[in-house]
Amino acid sequence: MHIKYKLILPLVFLLSGIMLYPFIFSLWLSLQDYRLTRINDVQFVGFENFGFIATDQSFLNAMGNTISFVASAVIIELIFGLSLALLIQKLLIFRGFVRSILLAPMFITPIAVGLMFRFLLNSEIGIIPFYLLRFGVSLDWFGPELALFSIVLIDVWQWTPFMLLMFLAGLEALPKTPFEAARVDGAGRWLTFSSITLPMLRPVIVVALIIRALDAFKVFEYVFAITRGGPGNSTETIMYYIYQTGFRFFRMGEAAAASILLIIFILVFVILIVYLSRPKVIK
Amino acid sequence: MKKLKLSTAIAAIAWATISTSQVAHAGEINIIMEEVPDYDIVAKLTDQFTEQNPGITVNFDAMPFDAMRDKILTSSLAPSATYDVIIIDNPWTDEFARAGFLEPLDSLISSQDGYAYDDFVPALADISKVDGSIYGVPYYNYALGLIVRQDIFDSKGLAIPKTIEDYMSVVKSLTTNGMYGAAMQPQKGYKIMEEWKNWLYANGGELFDDAGNVIINNQAAIDALNQYIETHSQAAPPNSANWGFDEALRSVSSGKAATMLSYNWMLPALNAKDGMSGDLAGNFTLHEVPGGKSVLGLWSWGITANSENKDDAWTFISWISSPEVAKQRAIMGGAPVRNSVMNSPEVWEKGYGKAYYTALADILDGSAPLSSGNNAEELIEIVGTELSAAVTGQKSVKEALDAAANGVERAIK
């Protein structure tokens with residue numbers, strides 16, 4: 001065997017152990033009626049689990065909630081992150097200090113953030129509803145209309161700093177020449193931003209979008225800590241659905257089938273994003 | 001330096017491996033517990049057990065409720081149990097017994113001198129019986145009762161409501177000037193199910209009929225849910241659609257709500273001087289839930305089938321649940337499960353007074369478990385989700401209960 005193949009073998013073994021085996025086991029699981037409380041009575045059911053999951057109202061609702069969550073959270077984070085990055089880039093004093101403060105939320109564990117906002121927004125003891133009420137605003141942050149939006153806001157609070165970090169690094173790495181040329185040619189701020197900054201920042205934006213979107217698909221902690229998917233199932237996300245099916249109801253076959261459908265969906269999503277964001281080739 | 005790093009890494013891995021599979025050795029038992037006040041009492045009492053049984057070391061692993069089910073499952077699926085003694089929430093009993101996770105206790109109970117098994121409240125002891133075998137002995141009850149602000153009821157000349165219709169009209173009349181009649185807990189899942197099922201009982205409803213058919217969408221259930229929604233919209237604090245136990249308790253203890261359906265042992269906590277209620281302490285009283293049939297919750301002691309220390313495990317369980325220790329536990333504030341404890345003048349005097357134990361005995365008499373049978377945990381979650389959807393207007397009452405019935409049919413298969 002050539003030395004280059006020998007060198008790569010340890011990695012292949014490692015990846016097989018930690019990725020390939022669990023994935024193949026999940027595929028096998030998804031074809032069985034596999035319950036953790038009936039481990040000696042596992043039966044092959046073919047694609048029955050997929051049939052059930054694909055038509056299960058709870059799964060479809062969880063998928064819908066997750067897509068709404070990902071789209072809203074990532075778009076708001078993109079806008080806020082980019083705006084803040086542009087502002088901080090222009091900041092002349094306290095730049096390091098402001099950057100450190102703004103990055104802080106990212107370093108808190110999400111379950112702690114969930115618990116923190118559960119109390120901050122609590123209609124009985126929360127400080128936010130208390131002060132809003134003084135202005136005559138009475139909102140049920142975790143009622144059926146607002147609950148998903150509240151979860152989005154919490155995610156925005158925690159993860160906008162990530163976008164900020166990515167865009168700040170991207171902006172600082174941009175060459176100065178095109179901007180100087182634009183200024184010489186008399187381009188305004190908006191024209192410079194839309195015609196130079198944005199197109200040059202496109203690769204960073206795409207990477208930031210993909211990383212954040214993939215991460216947002218995994219949203220679980222806020223839901224677990226605050227709403228448990230309620231009221232009704234208005235905040236049930238796909239990860240919570242899978243957790244509940246697998247680890248509360250012990251239906252591992254169905255949980256595996258739901259996970260595989262999610263993987264397929266995410267793969268299609270990533271391919272689409274990459275395809276749509278290709279730079280247009282000027283002929 | 002490299003060697004040091006390598007040996008540190010190996011030590012870390014070895015430690016992680018050991019710490020994840022802490023099987024108890026001979027003369028040592030591991031017990032999984034929920035972090036609640038009753039656990040603190042058990043832990044204190046265990047010092048006496050260790051003195052009397054120097055050959056047995058008791059290790060408690062106390063944790064929040066949410067972490068327990070997974071840990072019990074992984075311990076039970078392993079060749080040797082991590083936990084020799086587990087506490088079992090009543091919806092888990094059938095599921096765990098049928099999965100073969102639990103050791104039958106019949107012969108151990110019958111051969112234990114002076115244990116007085118018949119002294120346990122029958123409604124509680126029966127929860128741990130599956131297919132004629134006993135898989136647990138009662139630890140503490142969490143039966144629901146009606147907790148009211150007696151001072152408000154007295155000042156307005158109101159009688160304690162005995163029917164659900166009376167309760168509805170009383171709490172509506174009490175909702176005025178920033179005071180609300182009922183602090184409710186319509187949070188999705190366990191909480192709403194636990195509360196609403198009292199309303200279902202009051203309407204003569206049940207989850208299943210005698211033949212085992214699902215009847216959760218019959219007229220009694222529809223009436224119960226309509227009444228529940230009406231009361232929540234007219235007598236509960238605003239913005240409380242996602243409230244659970246903590247929020248409802250806080251609302252009552254801070255004087256914003258006049259009644260709540262809650263765990264009977266919250267009464268002593270609400271009435272405790274310098275406790276959560278401040279100046280309101282002493283004004284709360286406990287009664288049977290309107291309709292007279294309350295939802296019963298129970299934690300029981302069980303031994304895992306794959307434990308290697310079953311004898312030591314039973315020595316501990318039979319000691320902590322014995323009549324004498326049960327009495328001590330109740331005096332220290334534990335929720336009683338034995339008739340002899342609830343009828344003991346010594347417990348009345350040193351505990352929370354005769355009125356509390358009498359009210360509790362009335363509540364337990366004729367109460368019924370939150371859910372039983374296979375996959376009860378899943379059933380509760382399914383029904384609780386649909387109930388929440390109806391309360392928040394996402395589904396009509398009929399739609400929600402039909403969906404609940406379909407979900408339950410599938411869950412119990």
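Buried residues account for 51% of the 413 residues in chain B. Keep in mind that this is a predicted model.

I'll start with the whole chain. Its secondary structure amounts to 19 helices and 13 strands. In terms of extent, the C-alpha trace of chain B spans about 70 × 55 × 50 Å along its principal axes. As for contacts, take those in chain B between residues at least 6 apart in sequence: 77% of them join residues at least 24 apart.

Now to one sheet. In which order do its 4 strands run? The order is β8-β9-β7-β10 in chain B, the sheet is open, and the pairing is mixed. At the edges stand β8, residues 180–182, and β10, residues 284–287, both of chain B. Each of these has a single partner strand, so one side of each is left without a neighbour in the sheet. From one strand to the next, the twist averages 25°.

Next, the partner of β10. Strand β7 of chain B, residues 144–149, pairs with β10(B) over 4 bridges, in the antiparallel sense. If you want a residue pair to look at, Arg149(B) has Phe284(B) in β10(B) as its bridge partner.

Last, the helix on this sheet. Helix α8 of chain B, residues 164–174, lies across β8 and β9 of chain B, with β9 covering 257–263. Relative to β8(B), helix α8 of chain B runs at about 160°.

Notes. Residues numbered from 1 in each chain as written. Chains lettered and ligands numbered in written order. Predicted model: local features only at pLDDT ≥ 70, side-chain atom pairs only at ≥ 80, totals over all residues. Helix = DSSP H or I, 4+ residues; strand = E, 2+ residues; numbered from the N terminus. Buried ≥ 20, exposed ≤ 12 C-beta atoms within 10 Å, placed from the backbone. Contact = placed C-beta atoms within 7 Å. Pairing = 2+ DSSP bridges. Axes fitted to C-alpha atoms, helices over the stretch in contact; angles between N-to-C directions.
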